[in-house]
Amino acid sequence: MKTNILQLTAVLLILAGSFSSCENREGLFLTVDETPVSVTAKGGTYFITVNCNSEWTAVLEGAVHDWGYTLTNVSGANDGVVTVGVAENTDFTPRSATVIITSGSLVKTVAINQSAGQIADSNPLDSTEWKLSGIVDAQTVNLQELEPKGYNKCYTFRFKSNSTYVGYSSFNYLGGSYIYNYETGDFNFIGYITLTEAGETHDGKIYLAALFKVQSFSLKEDELRLYYDSKKKYLLYKPYEL
């Protein structure tokens, strides 16, 4: 009798383990091809296949409001397809964004990398001059103008041909160097010198704090954007003669 009980117990344990294993195999899953999507400057429509056994959502991060990127079929249950629309890029710099797909605690990401619309043989910032229009929230498009507004040289830049620059904050004359990569759009100030030592006035401190958080840029003939805070904000400049 005792032998039969032990055998029955062993069988029950095996069955329990089998059921447990089946539950694990049939638990929440989310499968997405995370290979980066390479897009030409002309743009186009791209599809991301989602394999899932539960509800999921998709969001687009890193795209600026006027790039014209779109995301449709942004939620579903079980399998589905997310559609990414990429508008033409006419900038001198490439663009990148990320599609993030989430189901419960599972997260998958797909990078969208678009080529530049205009290929620069050399640094297109060389020998250009710019004046700040304001700080822009990339999502709301709200423009914050900085004080003082009435002084021509405030918040201006001149990029020289040797990866250095000079310019003005609210009250000081600035100079320094920068790193620029037109293949990736990366841009960083690697050093600056306050050539004068007066205290910043008005919104000068706000300007300098934003300026040295810059991570990337985009450039058109009539507009320069210096992005920071993961492209959530940017400094907007227009052509100017110092």
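Tyr178 and Phe187 are both buried in this predicted model. Their rings form a stacked aromatic pair. The centres of Tyr178 and Phe187 lie 5.2 Å apart, with 20 degrees between the planes.

Phe157 and Phe159 also form a stacked aromatic pair. Here the distance is 5.2 Å centre to centre, and the angle between the planes is 25 degrees. Phe157 has a relative accessible area of 1%, so it counts as buried. Phe159 is buried because its relative accessibility is 0%. The cut-off for burial is a relative accessible area under 20%.

The structure as a whole contains 11 aromatic pairs.

The charged end of Lys131 sits over the Tyr240 ring. The distance from this charged end to the ring centre is 5.8 Å.

The chain as a whole was also described. Two helices and 18 strands were assigned. The chain has 242 residues, and 38% of them count as buried. Its accessible surface comes to about 13,300 Å². Carbon and sulfur atoms account for 52% of that surface.

Contacts were examined between residues at least 6 apart in sequence. Of these contacts, 59% join residues at least 24 apart.

Methods
Residues are numbered from 1 along each chain as its sequence is written. This is a predicted model: local features need pLDDT of at least 70, side-chain atom pairs count only at pLDDT 80 or more; totals for chains, interfaces and linings use all residues. Side-chain values use heavy atoms; hydrogens and water are left out. Rings of Phe, Tyr and Trp (its six-membered ring) pair if their centres lie within 6.5 Å; planes under 30 degrees apart count as stacked, over 60 as edge-to-face and the rest as tilted. Buried means under 20% relative accessible area, exposed over 50%, partly exposed in between (1.4 Å probe, protein chains only). A charge sits over a ring if NZ of Lys or CZ of Arg is within 6 Å of the ring centre and within 35 degrees of the ring normal. Helices (H or I, at least four residues) and strands (E, at least two) are DSSP runs, numbered from the N terminus. Contact means heavy atoms within 4.5 Å. Accessible areas come from the Shrake-Rupley method with a 1.4 Å probe; for residues, only the protein chains shown count as cover.
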